[in-house]
Amino acid sequence: MPVRIVIALGLPIVVIVALRAAPDLDARWEDQPAHFWIVLVAGVVNAGLAVAVSEAGRRRKDARLLLIGLAFLASAGFLGLHALATPGVLLEKGNAGFVLATPVGLVVAGLLAAASAIEYPLRTALVIVRHARALVGGVLGLLALWALFSLAELPPLRDTVAPEDAEATLGVFALLGVLSYGFAAVQYFRIAARRDSKLAFAIAFAFALLAESLVIVLASLTTSWQLSWWEWHVLMAISFFTIAAAAQREWFEERFSALYLDETLAGHREVTVLFADLSGFTPFAEANGPEAVHAMLVSYFGDLAPMIVDDFDGEVQDFVGDQIFAIFNKRGDHPDHALRGAKAALELQRRAAAIRQPDWPIFRCGVNTGPVLAGVVGDRGHRIHGVFGDTVNLGSRLEGQAKPGEIVIAATTRDHLPDAARVEPLPPLAIKGKAEPVQAYVLRGL
């Protein structure tokens, strides 16, 4: 680890030791609006991070990002409650539950951060993803209960308890948070070194600062509004702004890819790919203006892409000119991917026929099933999460073998379909780049 980083991480501890050792230096500065805005802005930054990271985790079905998003959600919610504890801003007097909200929120977020730092295998990650709504509901429920107990002055959060006395009971709880953040920081430093990622490094650095902020909370239990008390507020804000700044500097495509689980970043899958393009597109584009071509593609793609996603849970990887490229089971959560891909191809042809105007070109489809590597490729300028391997290449070649209105499927796809599937075998196909002829079928129905 660079010396400057060691110094940056060691400085907060040096400061708190100096302030506690020399009380005359630990000046009192009671500025309630400054406290309110520091905590509130940190909470807003957290909320933004929670939304952005959670959305990326949902899209990629990545358990690590979902857990990081939950950590940000927990800290954002408790920071909001703590901001309400500022006397004279929104409440007439301090509230013990709201005063304790920040350290409690940091500990809850620390536990989630530690959970996110584990490298889960695919099966475990998918279980976490399937329970994402329940996990979000649990965090929101905890926030709601904490707010209810605080406002209703229910034990143990009665406002008759002095905040200093209430905070003193957090010692063991805060220690759990320190250990959690420490574990998460070490793990993310390792990820940053392995992937040469500034974002992962920023996450690790921020988690280390949050661990220190909880240590400083314990060291400043009785120094409210003094510099030692302000220090952990500042450290907390710096931590979250560091993450937000690092995320902002990442390329917008797959912005959080440096944090993905190994299985998301580069994992092996068996998938089904669907390629569909318009036979006769070039003559149509030549005979008609760009406005007519655009209107046609909008009509086709505007109906067909949502159908692939909503009805069959596929992923539309790309539009390339007049071609649709879709993937089924990219996330590893659909063992019936071949059937989904075949059904999607049949539905695509059915809907395209209903949309088509008399002079429009007709779709032809190729479907293939096989192993791929699913992961991120590219960097600044262009970055995608795609699938790579011969399975993809053959699927594209099969599309070129189909006649207008037809669906050509590979033998591997046929092997995954029900016996009752209506297919017509084609003569062995000589595919460019393939050493041996390829067995394929025309799919008529299921």
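This is a predicted model: local features need pLDDT of at least 70, side-chain atom pairs count only at pLDDT 80 or more; totals for chains, interfaces and linings use all residues.

Q: Which residue forms a salt bridge with Asp390?
A: Asp390 belongs to helix H16 (residues 390-401), and its partner sits in the loop between strand E7 (422-425) and strand E8 (440-445). The closest N and O atoms are 2.7 Å apart, and the partner is Lys434.

Q: Is Lys434 buried or partly exposed?
A: Buried requires a relative accessible area under 20%, and exposed requires over 50%. Lys434 has a relative accessible area of 29%, so Lys434 is partly exposed.

Q: What is the relative accessible area of Glu406, which meets Arg444 in a salt bridge?
A: The N to O distance of this salt bridge is 3.7 Å. Arg444 lies in strand E8 and Glu406 in the loop between H16 and strand E6 (407-410). Arg444 is partly exposed at 37%, whereas Glu406 is buried, with a relative accessible area of 13%.

Q: How many residues apart in sequence are Arg60 and Glu254?
A: Arg60 forms a salt bridge with Glu254, with 2.8 Å between the closest N and O atoms. Arg60 lies in helix H2 (residues 32-60) and Glu254 in the loop between helix H11 (227-249) and helix H12 (262-265), so the bridge ties together parts of the chain whose separation is 194 residues.

Q: How far apart are the end C-alpha atoms of residues 36-53?
A: The unreviewed UniProt entry annotates residues 36-53 as a transmembrane region. The span is 100% helix and 0% strand, and its end C-alpha atoms are separated by 26 Å.

Methods. Residues are numbered from 1 along each chain as its sequence is written. Side-chain values use heavy atoms; hydrogens and water are left out. UniProt positions are given in the numbering used here, feature names are shortened, and annotations may be inferred rather than shown by experiment. Helices (H or I, at least four residues) and strands (E, at least two) are DSSP runs, numbered from the N terminus. A salt bridge is a side-chain nitrogen of Lys or Arg within 4 Å of a carboxyl oxygen of Asp or Glu. Buried means under 20% relative accessible area, exposed over 50%, partly exposed in between (1.4 Å probe, protein chains only).
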